[in-house]
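Morning, everyone. I have one protein to walk you through today. Please have a look at it first.

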Amino acid sequence: MLDLENFPSVYSSKYRGAERQIIRFEQVVEILNRATVNGSIRNTEMKDVKRWASDIASDLWGEKISDVYSSSGKYADLPAAVCDLNFSIMIMGIHTIPSVDKKLKKTKLDHPMIDAMRVLVAELMPLATTIDSLKASIVKGRAPSAEPPKDVNPNKVVKTCPCCQRAIAVGGHTMVHHGYERTGNGWQTQSCPGINFPPLEVSSAGLKWMIENYEARLTHTVQLQAETDTLESLPISIAGEKVIITKASSRWDRSFRSYEARLVTDIRDLKDDLVVMNKRLKEWKPEVATVDDSPSP
């Protein structure tokens, strides 16, 4: 079981005045401890836990390690071997903590920066290992609602959205408005582009549009990745406001690593989704019956 007292860094300088981060971290610990006791955790909860825990790990690494020892040109004062080790470590999520731990245990280098890394990794390891231990206990879907079931409209037509592949109601010839979770970042748009197309059972037009859209996004993202070596500035969010930082900023190292990691993740996710969508298009066949858009009696 995780104990809040074993995470002093979370309650230190940066987080002390950040009530929202503290509340979120305590929610992570509460969810994980409950899941450990119950022997199960909902997939939706696990996604939130992994995202929040990864944000915490990244923030703490930036505050305790990068800001103190390597950012704003401080890396120039590090011994070459320590500098190389630092650049070889990327906190891309809470799941990377065990591999960082192995790397730190393997090195024989002696330096205050490495000591600080070991302290922080030791603190975060129980969080990472608890999350990993629950992988086999994930239950798909959301918890059943305690609310009584709503009345079912007997005239409602439900088909497959050609863009998000979910079962969605059809209004006339196209899908009704519904949200859509974008690849790679997890946030939802106000409406899925499937509202512009007939359901998948009727037409493959929406699926073809999605494939073209994803291919264009993949090309653009690969190009961004190829240009990282020449990058001189980055847009980031500080206190909810968009600002542009340069290499002279103390936030550059952490923000740049995060940017690189995000590109890698986006490229991987886009490629995986394209494989699935192209297979679906190759196997696509229309239903014999089409959607009847005549008024309900």
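Let's start on one helix, α4. On one side of α4, Ala80 and Asp84 are exposed, meaning over 50% relative accessible area, where under 20% is buried and anything in between is partly exposed (1.4 Å probe, protein chains only). Helices here are DSSP runs of H or I with at least four residues, strands are E runs of at least two, and both are numbered from the N terminus.

A word on the source. This is a predicted model, so local features need pLDDT of at least 70, side-chain atom pairs count only at pLDDT 80 or more, and totals for chains, interfaces and linings use all residues. Residues are numbered from 1 along each chain as its sequence is written, and side-chain values use heavy atoms, with hydrogens and water left out.

Back to α4, residues 80–88. Which of its residues are buried? Val82, Cys83, Leu85 and Asn86. They sit on the same side of α4, because they cover an arc of only 160 degrees around the axis. That arc is taken from the directions from the helix axis to the C-beta atoms. And the cover? It includes α3 (43–70), α5 and α6 (112–133). Contact means heavy atoms within 4.5 Å.

Now two of those covering helices, α3 and α6. Their axes come within 10 Å and cross at roughly 175 degrees. Axes are lines fitted to C-alpha atoms, for helices over the stretch in contact, and angles run from 0 to 180 degrees between N-to-C directions. So α3 and α6 are roughly antiparallel, the word for angles over 145 degrees. From α3, the contact includes Met46, Trp61 and Tyr69. From α6, it includes Pro112, Leu120 and Ile131.

Next, α5, residues 97–106, which holds Asp101. Is Asp101 buried or exposed? Its relative accessibility is 14%, so Asp101 counts as buried. Leaving aside neighbours within four places in sequence, Asp101 is in contact with Val121 and Met125.

Further along, Ser204 lies in the loop between β7 (188–189) and α7 (205–226). Ser204 counts as buried because its relative accessibility is 8%. Beyond its neighbours within four places in sequence, Ser204 is in contact with Leu281 and Trp284. Ser204 and Trp284 are 80 residues apart along the chain, yet their C-alpha atoms are separated by 7.3 Å.

Last, the whole protein. There are 8 helices and 9 strands. Of the 297 residues, 39% are buried. Among contacts with a separation of 6 or more, 63% join residues 24 or more positions apart.

Methods
Parallel < 35°, antiparallel > 145°, perpendicular 65-115°, else oblique.
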